Amino acid sequence: MRPLTATIDLSALRHNLGVVRRHAPRSKVFAVIKANAYGHGLLRVARALEGADGFAVVELESAVRLREAGYRQKIALLEGIFDPRELPVLTEHRLVPAIHTVEQIEMLSALSAGCKLDVLLKVNTGMNRLGFQPSQFGAALERLQSGSHVSSITLMTHFANADDARGIAEPLQTLEGASAGVALPRTLANSAAIMRYPEAHADWVRPGIMLYGCSPFPNTVAVDVGLRPAMTLASEVIAVRELSAGDAVGYGSTWVAERAARVAVVACGYADGYPRHAPTGTPVLVGARLTRTVGRVSMDMLCVDVSGIEAVRVGTPVVLWGEGNPVENIAEAAGTVGYELLCALAPRVRVAEKP
Ligand SMILES: *Cc1c(COP(=O)(O)O)cnc(C)c1O
């Protein structure tokens, strides 16, 4: 068996949900488990986080799988419906769509008489992606309330800059302006807002990345903010070679040894979800030592500098990311975010669970 495994730490998931609860003790929690629970496995994560008050996904199939597995919590569909033919599935499974366009409001009229849905009404507060403009919000709300197919409405928005210095003051003000005098429950906060802005906690919070033990903030890793990484991608050294000055490593010979060097080959490449853009110098934990990649990442392998680390041999364990080697640092080196690396874990990687 190829020695590459992603181990999902269920106790870390539970710990991280506890961190959400400590930050937002008065809010209910929609655990965001879209994109196969950010690469961690939908049903596995739902099981670990069954204490959540609700789940949020983007994929209708995932919502149905959760219901079929017996989960009875609220299940939100963060992009809502795409086609009125989906509506019978929503009513059968009591799913809660986000409503963010006039087209979606019109689709609701295709519901059979007597069928009602709980919905999230989404307001655009500056992300300019999904949601009604503040000026259209009142009309949208009135159409939903005057129709016969909506049993409850929760106001929703999503912050563009909760993780950086711009924060949420402006969007929060925009929301207050649009919804003044509207006494409906609200859901506003993603992970960054949960951790930084108690004023945004409201009735329901929507943590995603923090549940998986990845910091939502730049230049910060999970342990700095009390989280535990839920995924450890680990493999082994499958070859070790001694290089002389002038020897190159990998496709394109982009890295050349300046002096004698020792290089270990690790069974993990971009076909496993490791970023091909990770440059020479990306951190890798080999045995107990943090070292760095050298040369290009290839489809099935990458190479690491183990010069002076005498104990390294075929079979030495390697942590690509996770415990002891934060995914945030690999993402930073590769010019992306931990979210993308976790979600991109490839189907061919064996997954194990740690209770
Ligand atoms: C993905 C998503 C979240 C979770 O965001 P994190 O940054 O992962 O906490 C919350 N709300 C919406 C609408 C989302 O699409």
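In this predicted model, 13 residues surround the ligand, and the closest are Lys-34, Tyr-38, Ser-191, Ile-209 and Tyr-339. The ligand sits in the largest pocket. The side chain of Tyr-38 places a polar atom 2.6 Å from an oxygen atom of the ligand. For Ser-191, an N or O atom of the side chain is 2.5 Å from a ligand oxygen atom.

Tyr-38 belongs to helix α2. Its relative accessibility is 5%, below the 20% limit, so Tyr-38 counts as buried. The backbone of Tyr-38 has a positive phi of about 50°, although the residue is not a glycine. For context, most residues other than glycine have a negative phi. A positive phi is also found at Ser-253, again not a glycine, with a value of about 45°. Ser-253 is placed in the loop between β11 (248-249) and β12 (255-256). With a relative accessible area of 41%, Ser-253 falls between the 20% and 50% limits and is therefore partly exposed.

The aromatic side chains come next. A pair of aromatic rings is described by the distance of the centres and the angle of the planes. With ring centres required to lie within 6.5 Å, the count comes to five aromatic pairs. In one of them, the ring centres of Phe-30 and Trp-204 are 4.2 Å apart and the planes meet at 25°; this angle is under 30 degrees, so the pair is stacked. Phe-30 lies in strand β2 (residues 28-32) and Trp-204 in strand β9 (residues 204-205), so that the pair links distant parts of the chain, 174 residues apart. Phe-30 and Trp-204 are both buried.

Which arrangement do the rings of Tyr-38 and Tyr-212 adopt? Their centres are 4.6 Å apart and their planes are at 25°, so the Tyr-38 and Tyr-212 pair is stacked. This pair, too, links distant parts of the chain: Tyr-38 comes from helix α2 (residues 34-38), whereas Tyr-212 comes from the loop between β9 and β10 (231-243), 174 residues apart. Tyr-212 has a relative accessible area of 1% and is therefore buried. Together with Tyr-339, Tyr-38 and Tyr-212 form one aromatic cluster.

Now for the chain as a whole. The protein chain has 355 residues, of which 53% count as buried. Its secondary structure comes to eleven helices and 18 strands. Along its principal axes, the C-alpha trace spans about 75 × 40 × 35 Å.

Leu-78 is found in the loop between β4 (74-77) and α5 (87-93). Its relative accessible area of 11% is under 20%, so Leu-78 is buried. In sequence, Leu-78 and His-100 are 22 residues apart, and their C-alpha atoms are 9.7 Å apart in space. Thr-316 occupies the loop between β16 (302-305) and β17 (317-321). Is Thr-316 buried or partly exposed? At 11% relative accessibility, Thr-316 counts as buried. The side chain of Thr-316 makes a polar contact with the backbone nitrogen of Arg-313, at 2.9 Å.

Gly-281 lies in the loop between β13 (261-266) and β14 (283-286). With 39% relative accessibility, a value between the 20% and 50% limits, Gly-281 counts as partly exposed. Gly-281 and Ser-152 are separated by 129 residues in sequence and by 52 Å in space, C-alpha to C-alpha.

Key: Residues numbered from 1 in each chain as written. Predicted model: local features only at pLDDT ≥ 70, side-chain atom pairs only at ≥ 80, totals over all residues. Heavy atoms only, no water. Phe/Tyr/Trp six-rings, centres within 6.5 Å; stacked < 30°, edge-to-face > 60°. Helix = DSSP H or I, 4+ residues; strand = E, 2+ residues; numbered from the N terminus. Buried < 20%, exposed > 50% of the residue type's maximum accessible area, 1.4 Å probe, protein only. Near = heavy atom within 4 Å. Polar contact = N/O pair within 3.5 Å; in protein donor to acceptor, adjacent residues only side chain to side chain. 1 Å grid on protein atoms, 1.4 Å probe; cavity = no way out; pocket = protein on both sides within 12 Å on 5 of 7 lines; lining within 4 Å. Sits in = over half its atoms within 2 Å of the grid points.
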